[in-house]
Amino acid sequence: MRVELSLKILQNRKNFFQHGRCGGMITYEYPFNERTRTLLRLEDLFEKVAYFMRKEEAYEHHVALTTLFEILEISGRSDFKMDLIHELERQRQTLQAFRNNPEISEEVLSRALAEIEQASAALLTLSGKIGQQLKENEWLMGIKNRAGIPGGVCEFDLPSYHYWLHRPVEMRQAALSSWLQSLNPLWSTLSIILRLLRASGNTETYIAKKGAFQLVLGGSSTAQMVRIFLAPEIPYIPEISANRYAFNIRFTTSDSSLRSRPCDADVGFEMTFCAL
């Protein structure tokens with residue numbers, strides 16, 4: 001039976017261009033290394049920027065801008081851009097090896113390769129570090145420096161910023177869109193890598209007896225992330241700990257004051273170990 005992009009690292013992928021989260025379920029993702037942790041944090045920040053910049057209130061645009069500063073802070077490492085370019089090239093070579101495979105949709109494979117190549121080319125065209133263009137904007141960096149101080153962006157601290165927040169909605173949105181545009185290559189790249197990563201494992205069903213689950217890894221696991229899926233009506237929260245040798249989940253529940261307490265019921269859940 002013909003499968004779309006049924007690659008070795010994409011065994012259960014239905015569509016490369018789908019969003020990674022599972023509809024109708026609460027998804028918990030736990031990264032096993034610093035790079036995956038960084039990509040997940042950046043994804044969350046990009047989604048928040050995109051959400052708040054579409055709004056109209058000045059406070060919402062303030063949140064969008066300060067979130068943009070967080071992206072700059074996380075992605076500012078000097079070797080971060082080249083790390084991403086190397087990862088895209090590794091994925092391109094992996095997918096390229098599946099050309100002319102009768103079980104692979106050539107159309108979807110071509111689209112995936114084109115998206116990877118486009119993202120890589122966009123990163124290569126960036127001069128300097130990621131976000132360098134924004135870091136050269138003295139007005140923005142003045143706001144960024146003050147934003148790190150509790151209450152540091154009051155009108156008497158930054159009157160020019162106070163003035164900007166009172167400009168027409170369309171003008172503020174255009175400015176935010178322009179600033180975000182310079183970071184789009186980063187957003188496209190991390191989206192590709194995370195979609196590939198999320199699709200790389202097999203989803204299986206498990207039961208945590210009396211709220212506890214343990215899996216012995218034996219030091220040989222290559223997983224970069226685990227994804228846990230719970231039905232919304234299940235009132236339990238997975239607390240995860242892991243190392244090279246063991247993976248543990250302890251489910252907890254919370255009372256009306258949101259204080260955490262152990263769960264003593266059997267909990268059914270789905271889980272996927274992901275590795276590129």
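Trainee: How many aromatic pairs does the structure hold?

Mentor: Happy to start there, and keep in mind that this is a predicted model. Rings of Phe, Tyr and Trp pair if their centres lie within 6.5 Å. On that basis, the number of aromatic pairs in the structure is 15.

Trainee: Let's take Trp164 and Trp179: is that pair stacked, edge-to-face or tilted?

Mentor: A pair of aromatic rings is described by the distance of the centres and the angle of the planes. Planes under 30 degrees apart count as stacked and over 60 as edge-to-face, with the rest in the tilted class. The centres of Trp164 and Trp179 are 5.7 Å apart and their planes stand at 35°, so the pair is tilted.

Trainee: Are Trp164 and Trp179 buried or exposed?

Mentor: The cut-off for buried is under 20% relative accessible area. Trp164 has 7% relative accessibility, and Trp179 has a relative accessible area of 12%. Both values fall under the cut-off, so Trp164 and Trp179 are buried.

Trainee: What about Phe213 and Phe269: what class of aromatic pair do they form?

Mentor: Use the angle again, with over 60 degrees counting as edge-to-face. Phe213 and Phe269 lie 5.4 Å centre to centre, with 85° between the planes. That makes the pair edge-to-face.

Trainee: Which strands does the pair of Phe213 and Phe269 link?

Mentor: This pair links distant parts of the chain, 56 residues apart. Phe213 is within residues 212-216 and Phe269 within residues 267-274. Phe213 and Phe269 are both buried. The linked strands are S3 and S8.

Trainee: Moving to the backbone, where does Asn100 lie?

Mentor: Asn100 is not a glycine, yet its phi is positive, at about 65°. Its relative accessible area is 70%, so Asn100 is exposed. As for its place, Asn100 is in the loop between helix H3 (80-96) and helix H4 (106-125).

Trainee: And what is phi of Lys210 near?

Mentor: Lys210 is found in the loop between strand S2 (203-208) and S3. With a relative accessible area of 58%, Lys210 is exposed. Its phi is positive in a residue other than glycine, with a value near 50°.

Trainee: Which residues does Leu88 touch, not counting those up to four places away in sequence?

Mentor: Leu88 lies in helix H3 and is buried, with a relative accessible area of 1%. Its C-alpha atom is separated by 8.1 Å from that of Ala119, 31 residues apart along the chain. The residues touched by Leu88 are Ile116, Ala119, Ser120, Leu123, Thr189, Ile192 and Ile193.

Trainee: To finish with the whole protein, what share of its residues count as buried?

Mentor: The secondary structure comes to nine helices and eight strands. Among contacts between residues at least 6 apart in sequence, 75% join residues at least 24 apart. Of the 276 residues of the protein, the share that count as buried is 42%.

Notes:
Residues numbered from 1 in each chain as written. Predicted model: local features only at pLDDT ≥ 70, side-chain atom pairs only at ≥ 80, totals over all residues. Heavy atoms only, no water. Helix = DSSP H or I, 4+ residues; strand = E, 2+ residues; numbered from the N terminus. Buried < 20%, exposed > 50% of the residue type's maximum accessible area, 1.4 Å probe, protein only. Contact = heavy atoms within 4.5 Å. Phe/Tyr/Trp six-rings, centres within 6.5 Å; stacked < 30°, edge-to-face > 60°.
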